[in-house]
2 protein chains.
Amino acid sequence: MNPVHIAGVGMTKFGKSPLSLAEMICQAAEQALNKSSVQDIDALYIGAMNPEEFTGDSNIASRVAEALGLIGIPAMRVETASSAGAGALMTGFQAIASGCYRRILVLAGEKMTHLSTSATTRILAKVLDNQERQCGATMPALAAMIAEKYRQEFRLSQSRLENMLSAVAVKNHANGSRNPVAQFQQPITRETYFASKFVATPLRLYDCAPITDGAAAVILTSLPTDVRVAGIGQGTGPVSLREREIFTSFPATRAAAARAYQMAGIAPRDIDFAEVHDAFTPFEIITTEDLGFFPAGKGGEAVLDGKTAFDGPLPVNATGGLKARGHPVGASGLAQVVEAAKQLRGELPSLRAFFRGLTQSTGGLGTNNLVTILERSDAPPVQDAAPPFPFPAAALPQKKTALRSASDEGTIETFTIVYVTPDGFLPPLALALIRDQHGRLLMAQGEDSANLKIGREVSIRRIDDLYLFTVKGHLQAMQDSFMRLLRRATASPAADEGAADNKL
Amino acid sequence: MNPVHIAGVGMTKFGKSPLSLAEMICQAAEQALNKSSVQDIDALYIGAMNPEEFTGDSNIASRVAEALGLIGIPAMRVETASSAGAGALMTGFQAIASGCYRRILVLAGEKMTHLSTSATTRILAKVLDNQERQCGATMPALAAMIAEKYRQEFRLSQSRLENMLSAVAVKNHANGSRNPVAQFQQPITRETYFASKFVATPLRLYDCAPITDGAAAVILTSLPTDVRVAGIGQGTGPVSLREREIFTSFPATRAAAARAYQMAGIAPRDIDFAEVHDAFTPFEIITTEDLGFFPAGKGGEAVLDGKTAFDGPLPVNATGGLKARGHPVGASGLAQVVEAAKQLRGELPSLRAFFRGLTQSTGGLGTNNLVTILERSDAPPVQDAAPPFPFPAAALPQKKTALRSASDEGTIETFTIVYVTPDGFLPPLALALIRDQHGRLLMAQGEDSANLKIGREVSIRRIDDLYLFTVKGHLQAMQDSFMRLLRRATASPAADEGAADNKL
């Protein structure tokens, strides 16, 4: 495999831009080209999530090649939902590693701020499972359900989880205030965080990355430079929440990390800093666990302890992350690489020199994730015998469970109350992932938003394609449990079978 | 570079399908997997042009991975407009050539028939230049203008050009009638062709590929099989017609071909058969010239002479081409590779054994094109010293000309009369590419559709962003020419400069 080096990087200021998508991408590209000794570009790889619907741009690869005055050279557009920028980097990496090209311009961008929040939310939600979307699920709503599940699984009190999430937000906004290209230039206080409104419980406004315009550019070359791409990996996970076996980890990140660490021949302990996909604050916590920096359930504590702070032993999102730098979806994965390369070159404020940085980008709801490891050419060798990073069992190929009707009772696996709802849904909207009596998961809308708690029993009814649930009163739930036990104890096997058939 | 081989292929029947996009892609994938010894797939590469707007599918790579029961493995979506299937093959090729993966499933698909023709035309037209689209230009309209220019440049009578175009249509429908997966299973006669209505002069209904659903799959592997990808190349060209220096050739095809021939170490004379992008019949003629099979201006004659016929020396689109097989845009580039691999394996009807086949796919209006060369493992060596395929000068990077106001007079560079117009435009709609007095090209709408001819003088007026043109009467045109000559002969250089300034 030919080695792949970084010969130049560039990015626009993130935020609201008057430029068109192609113009922003060109601005980032020209910045990268101006700072690089590489000029004769062999090919372009361009990441963008959905320019078709955000800006009406189709055929974006050729358009950008033309706008850059590079028409003639190969130009490929790559899309992996919100990790498209990292996807473009990976295809560019493979194109150089293959020997097909020697100098590649990897570009990424998205333009979103010109649309209304509801239009943007609608486009973003299209990466989700259709049935879950029909219930009113949005990206923040599903991220909130993952946070609630995390709280229960690791036995955190509500205030403990809120402290952890707020610590991520406060840290990343403080970091963003030192980054001139960040969308948000002001730190926030804990009080500001807690004064902000719920988007979907337990996530508040400050738990969610903003809507942003921006573009990034990286020049890759087969010739040695001061920074190389030492490892890169990609993994996928189920699109829907209800097809998951685990909610508090993204197997797609673990699979991508396993591949990247293996290619780089290093272990998590060898990483000096990381830029991770904090589109929602709980994602940063989960991701630092998935990357092997902290044990499962300990990522939140690490933030509270300052381990991932700007001056901590492993700075995470020292440039502000998606949270404060902004999140032009298709651009973010490449912007992380731009910022990590700058970190390694000592071009950003930091308290010490770094030799190895890692970037992690998430597509959809942890559905298509990539991990990239950058290394300075003068990095000291790593300790011998890095323990192999465990490849997640849940990331192995698995057949989707066949669809069949849900039973009419179940328990809450996780839930949220959505306050910022998509068009056509009135807040507060209760959503829950319900495990029915067949052990199958389904997304359902609450007929009421009171008394929601993980593990609580619910009754389920179906109207067309939509499942609705009602939490049972305590007395009702106890009665039902008793009656079920009684029926099971007294029923003949034949009667049982008949009952099972009825449920199908 | 690691060698890249084909271990299995599959495709759906092309036409109108009741399946969803993901289901069609899975069907093609399962067919390929069932026929292949390769089972453990390392990664997916998926080509689709615009599932976001055709079917509302976002995040298609992860969705397909999940539907195939392959969740966990890397899945990348690639888009290069209507050549997306070939783009996916190229990124998959590079991923194997790099050594990153050993076994890749390349997939491509598009679902279009559920939409109205006008909705489909609108989505397809989005790959075009915005200003040209605002005039009412569609893909067929611009293809028609290219055909008209071809006629003029190579001094063909109208009936001679029509004979050539009809010969392509008749040949490809005859070929499609032998292909069980083709959308159209019946041959057409010359009479049927000439009885069909004009879409945009000189193109009739039978000059245009249909709207189609379909998907294709190719398994690539680093291990030897009976067919290898010997060469692959990509090139780009201007998105707009008015930025072109040449209209009767696609420099993007020439650049892609130069790269593919060079990688394969062969020349056009070594190719036994070709599948080329005949979305419009004139594109097949131009492409066989761009690929070096025939000299410029001789591609039409070659069809009439039977050189590209099923039983000719160089069969072109022996499987029906896009014209008769159908054209699910994102799938076509990969379907060509599927059919070419089958040809090489002797699985399709043919009159002799083939050793080397070429596929060519066109993205947009010749904007993002790819060429792939497949070779049987038992192919005899080619003649020594293949002459290098000339890399087109027009495919070299060039800066876009700055926009400035058009002068108020010009000449017709090429034109069409559109009978199947986009929403909001009434037929007959005259469109012309006008060269103004600064030598600049602009797309304009005719105030009248009579008396159009290449080279004819027109007056131009502008309303907002729209240019309108009127053909001058013969007398008026002669008078104007005379007055211009007179002014030029009598004007002082200073006055001339002033006049030039006025035009800016």
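What follows is a walk from the interface to individual salt bridges, in a predicted model.

Start with the contact between the chains. In chain A, 65 residues are in contact with 65 residues of chain B. Together the two chains bury about 5000 Å². Carbon and sulfur atoms account for 50% of that area. Three residues stand out on the side of chain A: Glu66(A), Ile71(A) and Met76(A) supply 13% of the area that chain A buries against chain B, more than any other three residues.

Polar links cross here too. The count between chain A and chain B is 24 residue pairs in polar contact. Several elements of chain A each supply at least two residues to this side: helix H2 (51-54), helix H3 (60-67), strand E3, helix H4 (84-97), strand E8 and helix H10. H4(A) gives the largest share, 7 residues. By class, the side of chain A that touches chain B has 30 nonpolar, 23 polar and 12 charged residues.

Now turn to the strands. E3(A) and E3(B) run antiparallel and are joined by 3 bridges. Within this pairing, Val78(A) has Val78(B) as its bridge partner.

The E3 strands also carry charge across the interface. Which side chain meets Glu79(A) in a salt bridge? It is Arg77(B), at 2.9 Å from N to O. This pair crosses between chains, from strand E3 (residues 75-79) of chain A to strand E3 (residues 75-79) of chain B. Both Glu79(A) and Arg77(B) are buried. Across the interface the search finds 2 salt bridges. There is also a network of salt bridges that links Glu52(A), Arg77(A) and Glu79(B).

Salt bridges occur elsewhere as well. The whole structure has 50 of them over all chains. One lies within chain A, where Asp129(A) and Arg242(A) meet at 2.5 Å, N to O. Asp129(A) sits in the loop between helix H5 (117-125) and helix H6 (130-134), and Arg242(A) in the loop between strand E8 (227-236) and helix H10 (251-264), so the pair ties together parts that are 113 residues apart in sequence. Are these two residues buried or exposed? Asp129(A) is buried, with a relative accessible area of 10%. Arg242(A) also counts as buried, at 13%.

Asp465(B) forms a salt bridge with Arg462(B), with the closest N and O atoms 3.5 Å apart. Asp465(B) is partly exposed, at 49% relative accessible area. Arg462(B) is partly exposed too, at 45%.

Definitions and conventions: Residues numbered from 1 in each chain as written. Chains lettered and ligands numbered in written order. Predicted model: local features only at pLDDT ≥ 70, side-chain atom pairs only at ≥ 80, totals over all residues. Heavy atoms only, no water. Salt bridge = Lys/Arg side-chain N within 4 Å of Asp/Glu carboxyl O. Helix = DSSP H or I, 4+ residues; strand = E, 2+ residues; numbered from the N terminus. Buried < 20%, exposed > 50% of the residue type's maximum accessible area, 1.4 Å probe, protein only. Contact = heavy atoms within 4.5 Å. Buried area = accessible area lost by both parts, 1.4 Å probe. Polar contact = N/O pair within 3.5 Å; in protein donor to acceptor, adjacent residues only side chain to side chain. Nonpolar A, V, L, I, M, F, W, Y, C, P; charged D, E, K, R; others polar. Pairing = 2+ DSSP bridges.
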